Amino acid sequence: MKKKMLSMLLALTVTASLVGCATTGGTETAAPAADAPAETEAAASEAPADEAAPAAEGDTIKIGVSAPITGGLALYGESAVNSVTMAVDEINANGGVLGKQLEVAEFVDDKADSTEAVNAYNRLVSDGVVAVIGTYTSSCSIPMAERAQEEGMLLLSPCATNAKLTQIGPNIFRACFIDPVQGPMMAKFAKEEIGATKAAIIFAKDDDYSNGLHESLTEAWSGYGLDVVYDGSCSIKDVDYSAQVSQVVASGADVLFYPCMLDTVPILVQQAREAGFEGAIVGGDAWDCSDTSGKEEYFNNTYYTNHYAPEDPAEAVQNYVAAYKEAYGADTLTAAGACYYDSVKMVAQAIEAAGSAETSAVIDAMTGMTYEGVTGSFTLDENGDPKKPITFVEFQDGAPVWKSNVMPE
């Protein structure tokens, strides 16, 4: 109810808000991610938000999508573009939304950079969309959400797990679980499934996602009987972890948590093993699709949480996986893509429920919605967060293998 009431107030004030900036340059299309343009310079715009965003024009309803299409997380961005395209095509093949075709106004590359993410948001709003879907990282989604809250735009993040995101405003939602849930589940898994008793952690101090998981893990450890023997930090650009891993080995830890992004995971795992650490290494959902090639033996006894696993026999999962592989192959099949796919379906469901493509009406319809999709069945709580299962994955000979789906307590 709290979010519902706030969204009504938001709808009354949205006409006074201003659209921030609109980038110059040509319109991007839903081309393969590797070819997507990366124009990001923003110019000021003084058009009121309600005048600048006619979401339904003619026979189409427009949504905007932001993803890290280039850079270290480009694999997730490519998967996002593919999955959104697939979801939109499926919706339109079944009659569209409110009798209109759903259209992606643009896929804008945020490069996993917070400044670029705000520019991407501004550009999408200037395109006249009913909702913005984006983005992958918490560090980029949070500043986007701050702009969306000011302007009354519906923002749905597919993958940002930091709890602060949806606390920004009643028009901010997410399709994934949150760190205060993910962290305790990681600690419980380490204790009950691995049998760990002494825990170490290395987290990226300059990343909102990593900080959020660090906070939730450290709060949960004692409740599961884990002694904290080392708590160390790094930065997102580090490539040398020798100082940290040597201290992990010296601490006597039997589990090492590394809640950081996939591009650094192979480096950390290899250096930890070469330093003599033989215990389990556990990561969060950002480990998905980590490159283990040439390092397969180092990844034995490593695990991570995720939003889904393609091996899950659930019908919704297998239908998505089969359709994705047929259209795009298996190389870019990621959990990020599955979350973006569900996000499109969530927006379409909310538009249908609202009976309108007006953003304020769609916000009301999404508030408290129940959804069944690839990454689980859930109801959004008063903050706009879903309570949904967490998937656990184990690396075996370098390949990720689905272990289980666990509903948080």
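Reply: A residue is called buried when its relative accessible area is under 20%, and exposed when that area is over 50%. The model here is predicted.

Take helix α12, which covers residues 359-366. Five names matter: Thr 359, Val 362, Ile 363, Ala 365 and Met 366 are buried in α12. Look down the axis of α12. The buried residues fall within an arc of 165°, so they line one face of the helix. An α-helix has 3.6 residues a turn, so residues three or four places apart point the same way. Just past the end of α12 comes Gly 368, with a positive phi of about 75°.

Now step back to the chain. The protein chain holds twelve helices and 17 strands. Of its 409 residues, 57% are buried. Take the contacts with a separation of 6 or more: 69% of them join residues 24 or more positions apart. The accessible surface of the chain is about 15,200 Å², and carbon and sulfur atoms own 49% of that surface.

Next, a pair of helices. Two packed helices are described by the angle between their axes and the distance between the axes. Helix α3 (residues 74-93) packs against helix α11 (residues 335-354) at about 35°, and the axes lie 7 Å apart. Their crossing is right-handed. On the α3 side, the contact includes Tyr 76, Ala 80, Val 84, Met 86 and Ile 91. On the α11 side, Tyr 340, Tyr 341, Val 344 and Ala 348 are among the residues that take part. By kind, the residues of this contact divide into 13 nonpolar, three polar and two charged.

Two single residues round out the picture. Lys 188 sits in helix α6, residues 179-194. Its relative accessibility is 18%, so Lys 188 counts as buried. Leaving out residues up to four places away in sequence, Lys 188 touches Glu 193, Tyr 224 and Glu 409.

Asn 300 lies in a loop, between β12 (280-283) and β13 (302-306). At 35% relative accessibility, Asn 300 is partly exposed. With residues up to four places away again left out, Asn 300 touches Arg 273, Phe 395, Gln 396 and Asp 397. Asn 300 and Phe 395 are 95 residues apart in sequence, yet their C-alpha atoms are 6.1 Å apart in space.

Terms used:
Residues are numbered from 1 along each chain as its sequence is written. This is a predicted model: local features need pLDDT of at least 70, side-chain atom pairs count only at pLDDT 80 or more; totals for chains, interfaces and linings use all residues. Side-chain values use heavy atoms; hydrogens and water are left out. Buried means under 20% relative accessible area, exposed over 50%, partly exposed in between (1.4 Å probe, protein chains only). Helices (H or I, at least four residues) and strands (E, at least two) are DSSP runs, numbered from the N terminus. The arc is that of the directions from the helix axis to the C-beta atoms. Contact means heavy atoms within 4.5 Å. Accessible areas come from the Shrake-Rupley method with a 1.4 Å probe; for residues, only the protein chains shown count as cover. Axes are lines fitted to C-alpha atoms, for helices over the stretch in contact, and angles run from 0 to 180 degrees between N-to-C directions. A crossing is left-handed if the near helix is turned anticlockwise from the far one by less than a right angle, and right-handed if clockwise. Ala, Val, Leu, Ile, Met, Phe, Trp, Tyr, Cys and Pro count as nonpolar, Asp, Glu, Lys and Arg as charged, and the others, Gly among them, as polar.
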